[in-house]
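I opened the coordinates to look up a few local features. My notes follow the model.

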Amino acid sequence: MKFTLSWLKEYLDTDASLEEIVERLTMIGLEVEEVTNQADRLKPFRIARVLEATQHPNADRLRVLKVDTGSGDPVQIVCGAPNARTGLVGVLGKPGDYIPGLDITLSVGKIRDVESFGMMCSERELELSEEHDGIIDLPEDAPVGMSYAQWAGLDEPVIEIGLTPNRPDCTGVYGIARDLAAAGLGKLKERSHEQVRGSYPCPVSVNLDFGDTKPLCKAFGLRMVRGVKNGPSPKWLQDRLTAIGLRPINALVDMTNYITFDQGRPLHVFDADKVHGDLVVRRAAKGEKIEGLNNKSYELDDTICVIADDNGVESLGGILGGVPSGCTEDTVNVLIESALWDEDGIAATGRKLGVNTDARYRFERGVDPDYMMPGLEYATRMVLDLVGGEPSEPIQAGEIPDNSLIIEFPYSEIKRLSGVNVIPAEANVTLKSLGFWVSGAGETVKVAVPSWRPDIEGKADLVEEVVRIIGLERVPFTPLPPTGTVGQKVLTTGQIRRGRARRALAARGFNEAVTWSFISRDQAELFGGGSAALALANPISGEMSDMRPSLLPGLLAASQRNADRGTGDVALFEIGQVFEDDTPQGQKTVATGIRRGTAKLQGAGRHWSGTSGKVDVFDAKADAEAALAAAGAPVDKLQVHTDAPDTFHPGRSGCLKLGPKNILAVFGEIHPRTLQKLDIEGPIVGFEIFLDALPQPRGKGGRSKGALKASDLMPVRRDFAFLVGKDVGAEKLLKAARGADKTLIGDVTLFDVYEGQGVPDGQKSIAIDVVLQPRDKTLTDEEIDAVAKKIIANVEKATGGALRG
């Protein structure tokens, strides 16, 4: 919400400085986000007079001007504006000045062999308006040499506040002034409620036609003004709209934009001669279309509220006007509309069509229902003042809802909830200054809530109003009481696991990301989701229609966004929720990570010692095992299987299981088909760890890891090579070898897999290194051979293979 200081003072009689106003706004909950001054960027520009204008010797459309700057000798300017002439008073930019409308800094230059020492500026070049047919033409008495911004009254601060959604009353300057006046920063100038007498019945009627469905329009006020003379707005109106970032169009349109920000009451104007028949407010028919005043076309359905005539849709109710009935400078007869729209319907339509307007911003938060008809009167008076005309009698369709609310308010609630001692008289003055009505005497009174405060529902809200206005600095500081010693376990098992996994992945070079919990339906189906139970009833957009079944889509999209900006070799991880169904049990906690390009653990990109290779399945497996180990999973007991989801490459992926059914993690290279459907470049590897599937820790445990049991005897190493079938997994062989003698076998590792010459077709050779660690005495050859025979027997039994000769 933006407004100028003079605009505020139109309703607030105050001598407070800008700094005091800004501070008080923030203290009463209307946080000031920015204060800007147009004069800051217009500071270099001065008023100058053209002493002489002669034809350029080498160009028919250029003139050479001799310009009086008010200080020193005249300067020479080459100008192509059609209105450049002797005696013209305009605005001069000198070399070194920045021209905001052109995004250039002036310098001395030659134009067709004639030197130019600056330029005479147009309004568009200074971003004052869209006018660029000629340079600025000021009155003859404008003081030469004076700052243009100061002379034109543009040296005025523009205040921008950030409104919370519960304060629709402050979407207008009048509401902001009311709050400041209540806070003691001046006196509120009451707005006029004078009615305009109509001289004839309104020739256009309104019908609210919603049948048996929920009405999307509560009430509708309409009035005609005929014989208007539309044209450009007066300068004061154009300046105010320009200051807050709006483009002046014509008096009728500018008037509605002004009232939207001035009173927080959006309105719309129709060219009455373009409206055929009466107006009907209804739901759109599926397939109907409208061309909006924002030069975009929209296809509608029966969830959208429209204003239509005999020719079809004329306007999106409460959001956007249509081109067919828009007002232009040729408009002679005008219909002014002031309506109350359903807040939920406005919000849903805006999101569905992707339309954000100042009217939608206010209607979906809730405007003052009791100001609907007074707002129509206010607009009528402004139309008559700006463009003249003859008004009709106003008409109203529908009924304005009665939202009156009376709250029983004990004054003791102020002390109980805020700790502030406030006497009843002070509380009464505060509430009345905000527009509340207070009735009764004693310790409890009745408080009537004004129609413009839909956020007030109970006693606590009234306490908040009193405290924020009298000053939050009066709330006493109360330290929290000591709670004694902290128990042994503060965090839950899930929190501990998430924290440890997060630290482990960060230590492996990953950057943590936070992605949306919503993805598109196509992406959800691609990753095993997409059920109707997980579809959002009111999605933000079509790209966020379903709850995510996996964290991978968000991380993959984030990696591509990084690649599009020149950072292709990234490693990202996220720990968050995924959704299998709409039950509490269907919400799972998952740790997911991806590596892209050359983002290996050892480093990424080019290096003098050699460029890193592309990431592969073993990088993803190592990451998954490291995170599982940090989270407390028994990594030494995990089995590797090849039944990873279809989103992974079938020959370069796997899953880690604890037992035959409990899947703790999946890992591997993302399938090229998956990347193609997501429009993402590879290669990318990733993993998903299902933290909820980890077994619960046994017992309370202790802080000590126990005594170190290290043998002082030398280990014995033996190598074995087995011939097994191609479909036999190495993990199966390793597990069989480890189980041969759990007392002596310290470690078993795979060091070679071979297929080719010397190996029969359909088989492969797997070589393992077995470490025997004696505990009590040195092993004899007979003992070593006995363990070797057990290893061979176990492997042959488990895999069906044989020791390679």
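The model is a predicted one.

**Entry 1**

Five strands make an open sheet, in the order 15-18-21-22-23. The pairing in this sheet is mixed. I then asked which strands stand at the edges. They are strand 15 (206-209) and strand 23 (320-321). Each of these two has a single partner strand, so one side of each has no neighbour in the sheet.

I followed strand 15 to strand 18, residues 279-283. The two run parallel and are joined by four bridges. Across this pairing, Leu-208 stands opposite Val-281 of strand 18. As background, I noted that sheet strands pair through backbone hydrogen bonds, in a parallel or antiparallel way.

**Entry 1: helix 8**

Helix 8 spans residues 343-353. I listed its buried residues: Gly-345, Ile-346, Ala-347, Thr-349, Gly-350 and Leu-353. What covers them? The cover includes strand 20, strand 21 (305-309), strand 22 (312-316), strand 24 (333-341) and helix 9 (358-363). After helix 8 comes Gly-354, with a positive phi near 70°.

**Entry 2: helix 19**

I went on to helix 19, residues 730-738. Its buried residues are Leu-733, Leu-734, Ala-736 and Ala-737. Against what do they pack? I found strand 39 (716-725), strand 40 (745-754), strand 41 (763-772) and helix 20 (781-799).

**Entry 3: positive phi outside glycine**

I checked Arg-112, which is not a glycine and has a positive phi near 55°. Arg-112 sits in the loop between strand 10 (109-111) and strand 11 (114-116). Is Arg-112 buried or exposed? Its relative accessibility is 53%, and exposed means over 50%, so Arg-112 counts as exposed.

Asn-295 is another non-glycine residue with a positive phi, about 65°. I located Asn-295 in the loop between strand 19 (289-291) and strand 20 (297-299). Strand 20 is also among the elements covering the buried residues of helix 8. Asn-295 has a relative accessible area of 66% and is exposed.

Conventions:
Residues are numbered from 1 along each chain as its sequence is written. This is a predicted model: local features need pLDDT of at least 70, side-chain atom pairs count only at pLDDT 80 or more; totals for chains, interfaces and linings use all residues. Side-chain values use heavy atoms; hydrogens and water are left out. Buried means under 20% relative accessible area, exposed over 50%, partly exposed in between (1.4 Å probe, protein chains only). Contact means heavy atoms within 4.5 Å. Two strands pair if DSSP finds at least two bridges between them.
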